[in-house]
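Please keep the sequence and the 3D view open while going through the points.

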Amino acid sequence: NGGYVWHDLRHEYGSSVIEQGATIQEAKELMRHADIRTTERYLKAREQRLFDIAERLGITKPTLYYYARNKEDLIVEVGARALDRIIVAFDEADPASGLDRLKQLLRRYGEVIATDFGKCLAELSEGDLGEAAAQRIRAGKARIGQQIRDLLQSGIADGSIAPCDVRMTSFILGGAINGIARWYRAGGGLS
């Protein structure tokens, strides 16, 4: 099982609920915790992440804040870098069939999502961001979604992709790729 147990699933769900903007009371009810202090651990885990980022980079939190005005700036820059790395694949695409270009884009997308930058992007809750920052991330995600839809349309037109609901297929592909951030760990059991 790769060391992944039931509690890990509960913890991911609880953290996700909090990251998506649920109040502590809403999260408590969804998690069916008897005591709010149990639910508060999910908030503390979320707050711990900045310290973990600094530690993994081998720097202090004040050093992080030297380069970013606040946590939001840091998060947005990390997300934006991941988006940029995915978007570069648009420009590098070979002039092949729609299917071949789509596979190339999705491969690059998956490679980026499996990095720390990509995991940050995939797990980023726009509810934690101010409007300007959220708009910047939404615009990048929209560009990726549109590129996937365009490549699906191109593949349908050139016969390399069977006719399908392009919008729904792009949502499924994007969701599957973003899901990698939840389970992939370099060197882990599923890598």
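1. In helix H7 (residues 116–123), the buried residues are Gly 118, Lys 119 and Leu 121, where buried means under 20% relative accessible area, exposed over 50% and partly exposed in between, with a 1.4 Å probe and protein chains only. Looking down the axis of H7, these buried residues fall within an arc of 160°, so they line one face of the helix; the arc is that of the directions from the helix axis to the C-beta atoms. Helices (H or I, at least four residues) and strands (E, at least two) are DSSP runs, numbered from the N terminus.

2. A word on the source: this is a predicted model, in which local features need pLDDT of at least 70 and side-chain atom pairs count only at pLDDT 80 or more, while totals for chains, interfaces and linings use all residues. Residues are numbered from 1 along each chain as its sequence is written, and side-chain values use heavy atoms, with hydrogens and water left out.

3. How many salt bridges does the structure hold? There are two, a salt bridge being a side-chain nitrogen of Lys or Arg within 4 Å of a carboxyl oxygen of Asp or Glu. One joins Glu 77 to Arg 136, with the closest N and O atoms 2.7 Å apart; this pair links distant parts of the chain, since Glu 77 is in helix H5 (residues 71–92) and Arg 136 in helix H8 (residues 131–158), 59 residues apart. Glu 77 counts as partly exposed at 36% relative accessibility, and Arg 136 counts as partly exposed at 41%.

4. The other salt bridge is formed by Glu 131 and Arg 138, whose closest N and O atoms are 2.6 Å apart. Here Glu 131 is exposed, at 55% relative accessibility, whereas Arg 138 is partly exposed, with a relative accessible area of 31%.

5. A search of the whole structure finds one aromatic pair, for which rings of Phe, Tyr and Trp (its six-membered ring) must have centres within 6.5 Å, planes under 30 degrees apart counting as stacked, over 60 as edge-to-face and the rest as tilted. Trp 183 and Tyr 184 form this edge-to-face pair, at 6.2 Å centre to centre and with 80° between the planes. Trp 183 is partly exposed, at 42% relative accessibility, and Tyr 184 is partly exposed as well, with a relative accessible area of 21%.
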